[in-house]
Amino acid sequence: MLTFEEKLEIIESFPELTRNDVSLGRVNFHYEESVMDKKNVVYHLHPNGNGFVFGYYIDGVETDDRGMVNIRDFSREDIKAIVRDAIDSLSQPDQETWVNEEGHTLALVFDFDLWNIYAGDMLDGTFPTYAAATDYLEQEGFKRQ
């Protein structure tokens with residue numbers, strides 16, 4: 001297991017994160033440019049080595065009920081990867097294009113804290129989270145372009 005200092009060194013290497021010291025020696029790291037309400041990328045990194053990374057929007061990552069991944073036993077490479085993925089997941093563009101095999105195109109647009117799916121000018125659906133919207137699109141046979 002990496003030490004608290006080693007984990008801090010890795011996380012502090014991401015210039016887009018802002019360090020916030022909290023109680024009991026724990027440290028949070030925020031991503032102020034997040035397109036989501038969520039700005040906490042690293043939560044309660046503790047001197048005992050425990051800590052969490054926000055992984056709710058990262059494909060293929062198991063999270064707890066808060067959308068967090070415990071990084072206590074992660075390697076240096078794994079911490080770098082999950083922090084990068086967390087930042088990227090909170091940096092989703094305000095609009096994405098999705099296409100199915102038949103060539104139909106839908107736009108996924110983040111607007112007023114909701115994810116809307118448009119077919120041209122017509123609203124096809126509204127979802128509270130990016131994950132819910134992309135899950136719907138994938139179930140309907142669409143892929144991100």
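The model is a predicted one, in which local features need pLDDT of at least 70, side-chain atom pairs count only at pLDDT 80 or more, and totals for chains, interfaces and linings use all residues. Residues are numbered from 1 along each chain as its sequence is written, and side-chain values use heavy atoms, with hydrogens and water left out. Helices (H or I, at least four residues) and strands (E, at least two) are DSSP runs, numbered from the N terminus.

**More about N116**

- N116 belongs to strand β8, which covers residues 114–119.
- Its relative accessible area is 8%, so N116 is buried; buried means under 20% relative accessible area, exposed over 50%, and partly exposed in between, with a 1.4 Å probe and protein chains only.
- Between the C-alpha atoms of N116 and Q95 there are 9.4 Å, although 21 residues separate the two along the chain.

**The helix pair**

- Two packed helices are described by the angle between their axes and the distance between the axes.
- Here helix α1 (residues 4–12) packs with helix α2 (residues 76–89) at an angle of about 40°, and their axes are 10 Å apart.
- Axes are lines fitted to C-alpha atoms, for helices over the stretch in contact, and angles run from 0 to 180 degrees between N-to-C directions.
- α1 and α2 are therefore oblique to each other; angles under 35 degrees count as roughly parallel, over 145 as roughly antiparallel, 65 to 115 as roughly perpendicular and the rest as oblique.
- The crossing of α1 past α2 is right-handed, a word used if the near helix is turned clockwise from the far one by less than a right angle, with anticlockwise giving left-handed.
- On the α1 side the contact is made by E6, K7, E9, I10 and I11, and on the α2 side by R76, I79, K80 and V83.
- Sorted by class, this contact of α1 with α2 has four nonpolar, no polar and five charged residues; Ala, Val, Leu, Ile, Met, Phe, Trp, Tyr, Cys and Pro count as nonpolar, Asp, Glu, Lys and Arg as charged, and the others, Gly among them, as polar.

**L2, ahead of the helices**

- L2 lies in the segment before α1.
- With 14% relative accessibility, L2 counts as buried.
- Apart from its neighbours within four places in sequence, L2 is in contact with K7, I10, F74, S75, R76 and I79.
- The C-alpha atoms of L2 and I71 are separated by 9.8 Å, while the two residues are 69 residues apart along the chain.

**The five-stranded sheet**

- Strands of a sheet pair through backbone hydrogen bonds, either parallel or antiparallel.
- In this model, five strands in the order β1-β2-β3-β4-β5 form an open sheet with antiparallel pairing; two strands pair if DSSP finds at least two bridges between them.
- At the edges are β1 (18–21) and β5 (68–70), each of which pairs on one side only.
- From one strand to the next, the twist averages 20°.
- Within this sheet's order, strand β3 (residues 40–45) pairs with strand β4 (residues 52–54) in the antiparallel sense over two bridges, and Y43 stands opposite F52 in β4.

- L24 is found in the loop between β1 and β2, and its phi is near 60°, a positive value in a residue other than glycine.
- L24 counts as exposed, at 69% relative accessibility.
- S34 sits in the loop between β2 (27–30) and β3, and counts as buried at 10% relative accessibility.
- Beyond residues up to four places away in sequence, S34 touches K39 and L90.
- H44, in strand β3, has a positive phi of about 50° although it is not a glycine.
- H44 counts as buried at 18% relative accessibility.

**Strand β6 and its partners**

- Strand β6 (residues 95–99) has E96 and W98 on its covered face, and Q95, T97 and V99 on its uncovered one.
- β6 pairs with strand β7 (residues 105–111) in the antiparallel sense over five bridges, and T97 has A107 as its bridge partner in β7.
- Five residues lie between β6 and β7 in their hairpin, and G103 in the turn has a positive phi of about 90°.
- β6 also pairs with strand β10 (residues 143–144), in the antiparallel sense over two bridges; the bridge partner of W98 in β10 is R144.

How values were computed. Contact = heavy atoms within 4.5 Å.
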